[in-house]
Amino acid sequence: MERIEQHASFGGRQEVWQHRSGVLGCEMKFGIYLPAAALRGEPCSVLYWLSGLTCTEQNFITKAGAQQHAARHGLIVVAPDTSPRGEAVPNDPAYDLGQGAGFYLNATQAPWATHYRMQDYVAEELPALVEQHFPAKPVRGIFGHSMGGHGALVTAMRHPGRYRSVSAFSPIVAPTQVPWGEKAFGAYLGSDRQAWKAWDAVGFVASAKERLPLLIDQGEADEFLATQLRPELLQAACAAAGHPLSLRMQPGHDHSYYFIASFLGEHFAHHARQLQGV
């Protein structure tokens with residue numbers, strides 16, 4: 001563990017750490033915001049953010065304005081990278097496969113399987129690291145954007161009891177039914193579409209072992225809405241299963257961090273209610 005950045009912010013501190021990941025077999029970076037209480041050594045609940053395609057740990061911590069909300073609610077916020085990195089890590093020239101496009105799953109196919117185990121990283125290795133080295137309670141929420149929204153929904157559903165709250169911005173809710181997901185899943189998981197279903201939020205809803213309330217914001221002017229995101233599929237699945245969902249379609253908003261920043265405070269309040277009872 002090596003701290004490579006630190007910045008005072010809203011009474012707390014935004015840091016970036018680098019470490020060797022045994023799960024991914026490479027060096028990884030993550031951003032972590034420590035509110036004032038954490039700097040005093042007081043245990044805080046932790047909110048994990050999963051970013052979208054092409055992002056690193058930097059996008060969220062520099063663009064979203066999350067620090068003010070984390071400070072207000074006294075939450076630690078952790079923002080990992082979106083994939084393994086490095087010269088030895090397989091890659092692809094396209095933006096939607098390989099480095100920057102880990103899809104938060106555990107790959108089973110060569111050449112990806114050795115390094116691309118992002119589900120194990122974000123759900124197990126990274127929380128263990130955070131709870132060992134920082135004043136972090138084992139009380140966790142998770143949220144994300146686009147590919148990271150997919151990751152947040154699937155990770156929460158795959159690990160009942162591990163997270164107390166979940167939300168998403170513009171998530172890829174049905175990756176088995178849209179081009180982004182079909183391309184990535186075909187590469188990482190192979191041609192057996194049955195195996196893909198284990199990583200699909202829409203497919204998971206009916207059999208979910210807990211009913212965490214889902215908060216989802218989606219911009220109506222999002223260029224990917226009709227082809228890649230398709231929130232209506234999750235809405236129908238939740239209605240059929242009786243799973244609590246608040247899907248908020250936001251007029252005029254696109255897929256950008258301008259959209260995320262506009263509603264991020266409401267997502268923090270949603271998580272704070274679940275994590276802290278306030």
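The backbone nitrogen of glycine 100 sits 2.7 Å from a polar atom in the side chain of serine 83. Keep in mind that this is a predicted model. Serine 83 belongs to the loop that runs between strand S5 (76–80) and helix H4 (118–133), and that loop also holds phenylalanine 103 and proline 111.

- Serine 83 has 0% relative accessibility, so it counts as buried.
- Leaving out residues up to four places away in sequence, serine 83 touches Met28, Gly98, Gln99, Gly100, Ala101, Gly102, Tyr116 and Met118.
- Phenylalanine 103 shows a positive phi of about 60°, even though it is not a glycine.
- Buried or exposed: which is phenylalanine 103? At 0% relative accessibility, phenylalanine 103 counts as buried.
- Alanine 110 and proline 111 are joined by a cis peptide bond, with omega at about 0°.
- As background for these backbone features, most residues other than glycine have a negative phi, and most peptide bonds are trans.

- The buried residues in H3 include Ala66, Gln67, His69, Ala70 and His73. They cover an arc of only 165° around the axis, so they sit on the same side of H3.
- Those buried residues pack against strand S1 (2–9), strand S2 (12–21), strand S3 (26–34), H2, S5 and H11.
- Sorted by class, the lining of the second largest cavity has seven nonpolar residues, two polar ones and no charged ones.

- In H10 (residues 231–241), Pro231, Leu233, Leu234, Ala237 and Cys238 are buried. Their arc around the axis is only 155°, which puts them on the same side of H10.
- Ala239 and Ala240, on the other side of H10, are exposed.
- The cover over the buried residues of H10 includes helix H5 (147–158), helix H8 (201–204), strand S8 (214–219), helix H9 (225–229) and strand S9 (245–250).

**Around histidine 253**

- Histidine 253 is in the loop between S9 and helix H11 (257–276).
- Which residues does histidine 253 contact, leaving aside its neighbours within four places in sequence? They are Gly219, Glu220, Ala221, Asp222, Phe259, Ser262 and Phe263.
- Histidine 253 and glutamate 223 are 30 residues apart along the chain, and their C-alpha atoms are separated by 9.9 Å.

- The largest pocket has about 200 Å³ of space. It is lined by 14 residues, and those closest to its centre are Leu53, Thr54, Cys55, His145 and His255.
- By class, the lining of the largest pocket splits into six nonpolar, seven polar and one charged.
- How many cavities of 30 Å³ or more does the structure hold? There are two.
- The largest cavity has about 70 Å³ of space.
- Leu153, Ala156, Met157, Val166, Glu210, Leu212, Leu214 and His243 line the largest cavity, and H5 provides the largest share, with three residues.
- The lining of the largest cavity divides into six nonpolar, one polar and one charged.

**Phenylalanine 10**

- Phenylalanine 10 is in the loop between S1 and S2.
- Phenylalanine 10 is not a glycine, yet it has a positive phi of about 50°.
- With 56% relative accessibility, phenylalanine 10 counts as exposed, whereas phenylalanine 103, at 0%, counts as buried.

Methods:
Residues are numbered from 1 along each chain as its sequence is written. This is a predicted model: local features need pLDDT of at least 70, side-chain atom pairs count only at pLDDT 80 or more; totals for chains, interfaces and linings use all residues. Side-chain values use heavy atoms; hydrogens and water are left out. Helices (H or I, at least four residues) and strands (E, at least two) are DSSP runs, numbered from the N terminus. Buried means under 20% relative accessible area, exposed over 50%, partly exposed in between (1.4 Å probe, protein chains only). A polar contact is a pair of N or O atoms within 3.5 Å; within protein, one must be able to donate a hydrogen and the other to accept it, and residues adjacent in sequence count only if both atoms are side-chain atoms. Contact means heavy atoms within 4.5 Å. The arc is that of the directions from the helix axis to the C-beta atoms. On a 1 Å grid over the protein atoms alone, a cavity is a set of points where a 1.4 Å probe fits but cannot get out, and a pocket is an open set with protein on both sides within 12 Å along at least five of seven lines; lining residues have an atom within 4 Å of a point. Grid points are joined across faces, edges and corners, and a volume is the space filled by probe spheres set on the points. Ala, Val, Leu, Ile, Met, Phe, Trp, Tyr, Cys and Pro count as nonpolar, Asp, Glu, Lys and Arg as charged, and the others, Gly among them, as polar.
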